[in-house]
Structure formats: C-alpha cells, structure tokens
Number of protein chains: 2
Amino acid sequence: MPAQLKLYGHKESGHSYKVKLALTIGQIPHEYEAVDIFLPRNQRPEPFKSLSAFGEVPVLVLNGVAHAQSNAILILLAEHTKTLGGESAATLAKAREWLFWEANRVGFSLAHLRFARQFAPQVVDWLQARFDADIARLAQEFLDGRPFILGDRVAIADFALCAYAFFAEQARVQLPIEVQDWLLRIRALKDW
Amino acid sequence: MPAQLKLYGHKESGHSYKVKLALTIGQIPHEYEAVDIFLPRNQRPEPFKSLSAFGEVPVLVLNGVAHAQSNAILILLAEHTKTLGGESAATLAKAREWLFWEANRVGFSLAHLRFARQFAPQVVDWLQARFDADIARLAQEFLDGRPFILGDRVAIADFALCAYAFFAEQARVQLPIEVQDWLLRIRALKDW
C-alpha cells in the first residue's frame, strides 16, 4: 500500500514552499490543503490546529503521524523516498548540514531582511517580541511535568534548545520558571 | 573497534556548546581541540581549515569524515549512539522537529537579541552584511560547475536553500549570477 501523505501549507509561506517543491519535483503523490495563515494561530481550522505542534504551516501527515518544521519534513521525505538526498547515509548527512546552514544563514538573513525592510525599523523590539513568544512556547512544553523535551531522558533536542538559554543574561531577558527549572535539570546531569 | 571522534570547538560558541554537551552527557569518548574563533576564518589553523566546510566551529570528525552544523552533528550522534533521541525513527523525527524549531526560533531570537543588544543598533545593516556573506558562500558552491548542491541531482538541500531566494526582490537584494543560474535550473525541473 502506498504511503498516505497530506500537506497543509500556504502559498505565501517560504517554509511551505520548500515542502511543496520537494513533493512536486520528487513526483511524490500527496494531498494538499491550504491553511489561512492570516488567521491568528488559535483560530486556524481543524484538523490543522490539532495536528500542528507549533500552529504553523507546513505540516505533513505521513501514515497518520503529523510532522512539523519544513526542514525536518524534508529529511523525512528524503529518508522515506530514498531520493532527493536520501540515497545513502552519506548524502543524507551532507544534506542535513546544508539544511541547518540554510536555517542559520540564508533562511535567516534573507527571510528577515525581507521582513525588516517591509515592516520593522525597530528590529530589536521585534526580536524581543519574537523571543517572548518563542520562550513562552518552550515553557509550555514543561507544563505536563516531564523533565526533558522528549520525555524522561535527556536528548539532542534539549542540547540544541538549552545552549543559548544559558546566555540569557547577556541578552538581558528573563526566562520563565519552567525553562529555568529545565536548565537546572540539565545542569544536574552527570558530567554536565 | 570503537568509533574515532574528534570535536573542534570553542567555549564561547553556543553552537559548539551543544555538541560538547551531547558528547559529555552521553559519555561518548572523544578528542577535543579548541579553535581560536577570534582569528579571521581564513587564518584559522590546519587541519581545521581544511576540514571545515563553512570555516566555523563546531566540526565533528567521525571515522575520518568531517561534519559541520551543530544541529546536523547532534542528529548524527543520536543516530550513531542510538541514544539521546536516536532510540527509534519516531523519537528521531520528533527530535529533528525540535532542532529546526530551535534553529528558527529561540536559537534565532535569543542568539540575535544578545548580539543586537551588545553590538548592533542598526540591525538592518547588520542583516544586510550577513546576507552578503551568506549568499557569497552559497554562490561559491557552484564555481565547480555542478548543477545542484549535492551534485548532479536535485535534493532536499536545494529545496531548503532556494525558497527564500525566490523572494529576493522583496528583500531588495541582488543575487550573484551563480545563484541566479541555479534558481533557473530549479525552475526548469519537470513539475516545478
């Protein structure tokens, strides 16, 4: 039975565009549903709202499991199809390097230059607002009482997320108590 | 024979910190060498300069192959050790979502808030300078005449990198000719 694939996206989102392009060029059969991204996140329609971990497009549902984050979805598609960079462990490792370079470099500088030129002369205020939203989203993860991002055990997601949080004072920002507690748990790990 | 692992890093780099933390907490035996990141990239010592695809720390050498980009290295470590999120395909997929969320969210807002508060009241100028460096680095990839990032065939790295480049006019930036040509090759693909 072929895999069931459904993409939720929007044509104005560069992140959705990446995934739609991979599905189309890769000739991977899929359903597509446009989500109105001009609605506030909490007013976006079901089932998208329930499926989406971060309230954002794109979301790809693969065999009933919803996946978020455009570049993470690209890795999944490459692994799943064994094409588009997924031909071997070595090509996939190289592709992942470029995906993170993109997230950190042109996907950052170009995307935000576009935004700043159009909307935001006071970019520090905008970064602060974005940070406030980001850190609240992260804090929310710990409301169920679990100690680490993926559950009971520390994992690579924790290491990525905590690194800059340890520099919060230099950015002159306050961390929510849930995030402070999580950082204390990381500091308490053997060999920290 | 156990894997040969060597990390090149620096203690002031949040990106190096992620990888060092994973190796230490995961009790993964490795060598470590500090690289002076206050030297210009082209003056950093060998063998680091040759090993490093982007001239940046961290670089992890695993069984003779050099890997860049901190979050890509974290994925590799999780796959390699089957711990730290690498226990199953499902935990790894979830970890990758968080790694890209981090790159795009707190790893962006917090890292750059810290930078902007310390160094850059004129953040648009700084974004422009960063973009100039980023796009030149990307253009350099095509100087050997290959059509796509990973070689002869289009791959997920191309899809991630091209998405915002198609919005260059909105950011009022010029793309180098090598990048323009690469975008034309992507537009020429069947089903684009």
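**Figure 1. Helix α4 of chain A packs against helix α3 of chain B.** In this predicted model, α4(A) and helix α3 (residues 70–81) of chain B pack with their axes 8 Å apart and at an angle of about 145°. Two packed helices are described by the angle between their axes and the distance between the axes. On the side of α4(A), the residues that take part are A:Ala93, A:Arg96, A:Glu97 and A:Phe100. They meet B:Asn71, B:Ala72, B:Ile75, B:Leu76 and B:Glu79 in α3(B). Sorted by class, this contact has five nonpolar, one polar and three charged residues.

**Figure 2. A salt bridge joins chain B to chain A.** Side chains of opposite charge can pair when their charged atoms come close. Here the side chains of B:Glu79 and A:Arg96 form a salt bridge, with 2.8 Å from N to O. Across the interface of chain A and chain B, two salt bridges are found. Seven residue pairs are in polar contact across the interface of these chains, both residues being at pLDDT 80 or more.

**Figure 3. Chain A and chain B meet over an interface to which each gives 93 residues.** The size of an interface is often given as the accessible area lost when the parts come together. For chain A and chain B, the buried area is about 9,300 Å², with 69% of it on carbon and sulfur atoms. On the side of chain A that touches chain B, the elements giving two or more residues include α1 (14–25), α3 (70–81), α5 (106–119) and α6 (123–140) of chain A. The most comes from α4(A), with 14 residues. By class, the residues on this side of chain A are 56 nonpolar, 16 polar and 21 charged.

**Figure 4. Four strands of chain B form an open sheet.** The strands follow the order β2-β1-β3-β4, and their pairing is mixed. At the edges lie β2 (31–34) and β4 (65–68) of chain B, each of which pairs on one side only. Neighbouring strands of the sheet are turned against each other by 20° on average, direction ignored. Strands of a sheet pair through backbone hydrogen bonds, either parallel or antiparallel. Strand β1 (residues 5–9) and strand β3 (residues 59–62) of chain B run antiparallel and are joined by four bridges. B:Leu5 has B:Leu62 in β3(B) as its bridge partner.

Figure 5. Most residues other than glycine have a negative phi, and most peptide bonds are trans. The peptide bond from A:Glu46 to A:Pro47 is cis, with omega near 0°, and A:Pro47 lies in the loop between β2 (31–34) and α2 (48–51) of chain A. A cis peptide bond also leads from A:Val57 to A:Pro58, with omega near -5°. A:Pro58 is in the loop between α2 and β3 (59–62) of chain A. A:Gln27 is not a glycine, yet has a positive phi of about 50°; this residue belongs to the loop between α1 and β2 of chain A.

**Figure 6. A salt bridge within chain A links A:Glu102 to A:Lys18.** The closest N and O atoms of this pair are 3.0 Å apart. The pair links distant parts of the chain, with A:Glu102 in helix α4 and A:Lys18 in helix α1 of chain A, 84 residues apart. Over all chains, the count comes to 14 salt bridges.

Definitions and conventions. Residues are numbered from 1 along each chain as its sequence is written. Chains are lettered from A and ligands numbered from 1 in the order in which they are written. This is a predicted model: local features need pLDDT of at least 70, side-chain atom pairs count only at pLDDT 80 or more; totals for chains, interfaces and linings use all residues. Side-chain values use heavy atoms; hydrogens and water are left out. Contact means heavy atoms within 4.5 Å. Buried area is the accessible area (1.4 Å probe) that two parts lose on being put together, summed over both. A salt bridge is a side-chain nitrogen of Lys or Arg within 4 Å of a carboxyl oxygen of Asp or Glu. A polar contact is a pair of N or O atoms within 3.5 Å; within protein, one must be able to donate a hydrogen and the other to accept it, and residues adjacent in sequence count only if both atoms are side-chain atoms. Ala, Val, Leu, Ile, Met, Phe, Trp, Tyr, Cys and Pro count as nonpolar, Asp, Glu, Lys and Arg as charged, and the others, Gly among them, as polar. Two strands pair if DSSP finds at least two bridges between them. Axes are lines fitted to C-alpha atoms, for helices over the stretch in contact, and angles run from 0 to 180 degrees between N-to-C directions.
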